[in-house]
Amino acid sequence: MTRHNGRGWYGRMVAAGVGVTAVAAATSIWTAQAGQSGGGSAAPGTSAQQPATPKEPPVSADIAHASDGGAHAVNITIDDGPNPVWTPQVLQVLRANGVKATFCMIGPQAQAHPDLVRQVVAAGHRLCDHTVSHDTTMDKKPEAYQSQQILEAEQQITQASGGVKPMYYRAPGGAFTPYSRQLAASHGMRPLGWNVDSKDFSRPGTAAIVATVKRELANGPTILFHDAGGDRSQTVAALRTLLPWLKQQGYSFGFPVR
């Protein structure tokens, strides 16, 4: 379910991402200095200086909208699942069209359906943390609550997937805060927005969903759909129409930038 207009997220609170980079840089400097300090004697048969473990580059805390597939690529994102009825049908449509998507999962839903989470991963799709409770007022709640919602869902999704961590964090309804964005980024999850809200959540009819996506596509590459939260037969039907149409228009499919 959406609350805020995804298009309004462009450029929002960009400077907050600097804090994450600064923390990562400080940690790297400390590690390097510790390795050169020579503090204490090495155990017999071991080297005094152990090689540093390679670390992944820090993830930006800016809200992602762009596609890693380039200027003429779109990102298909699927929210609120997994659901035992609709997620398999969405997966089938994606598979039939050779499209990879990003699944923004509710923690308890993932915990209840680990087989579906693993199917998503096995098919080459990416995972996204969509909190525990899908609270669209999270930006009005204390930081401790935001932390619990994000980190508990991250753990639930990771356990359900067999150890594959979410790569993104999408706030329910777009209810991001500087704190939640930085917290997610510090755990390797890029905050994820959207450019096109298909409006499928309200079930306006397959034709209306298709028309909305075609009309709003000029706003940017990241398109929002749902595979849970009610009857998603209209979403499945819309994807059957839209994915081939997007290919006919010359679009490729990517993932949100990291």
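Strand 1, helix 2 (residues 86-97) and strand 2 form a right-handed β-α-β unit, where right-handed says that, with the strands pointing away from the viewer, the path from the first strand over the helix to the second runs clockwise. This is a predicted model, in which local features need pLDDT of at least 70 and side-chain atom pairs count only at pLDDT 80 or more, while totals for chains, interfaces and linings use all residues. Residues are numbered from 1 along each chain as its sequence is written, and side-chain values use heavy atoms, with hydrogens and water left out.

The protein chain has 8 helices and 8 strands, taken as DSSP runs numbered from the N terminus (helices H or I, at least four residues; strands E, at least two). Of its 258 residues, 47% are buried, that is, under 20% relative accessible area with a 1.4 Å probe, protein chains only.

In strand 1 (residues 73-79), 7 of the 7 residues are buried. Ala 73, Asn 75, Thr 77 and Asp 79 lie on one side and Val 74, Ile 76 and Ile 78 on the other, and both faces are covered.

| Partner of strand 1 | Bridges | Direction |
|---|---|---|
| Strand 8 (residues 252-254) | 3 bridges | parallel |
| Strand 7 (residues 222-226) | 5 bridges | parallel |
| Strand 2 (residues 102-105) | 3 bridges | parallel |

Within these pairings, Val 74 has Phe 253 of strand 8 as its bridge partner, Asn 75 stands opposite Thr 222 in strand 7, and Thr 77 is partnered by Thr 102 in strand 2.

Terms used
Buried means under 20% relative accessible area, exposed over 50%, partly exposed in between (1.4 Å probe, protein chains only). Two strands pair if DSSP finds at least two bridges between them.
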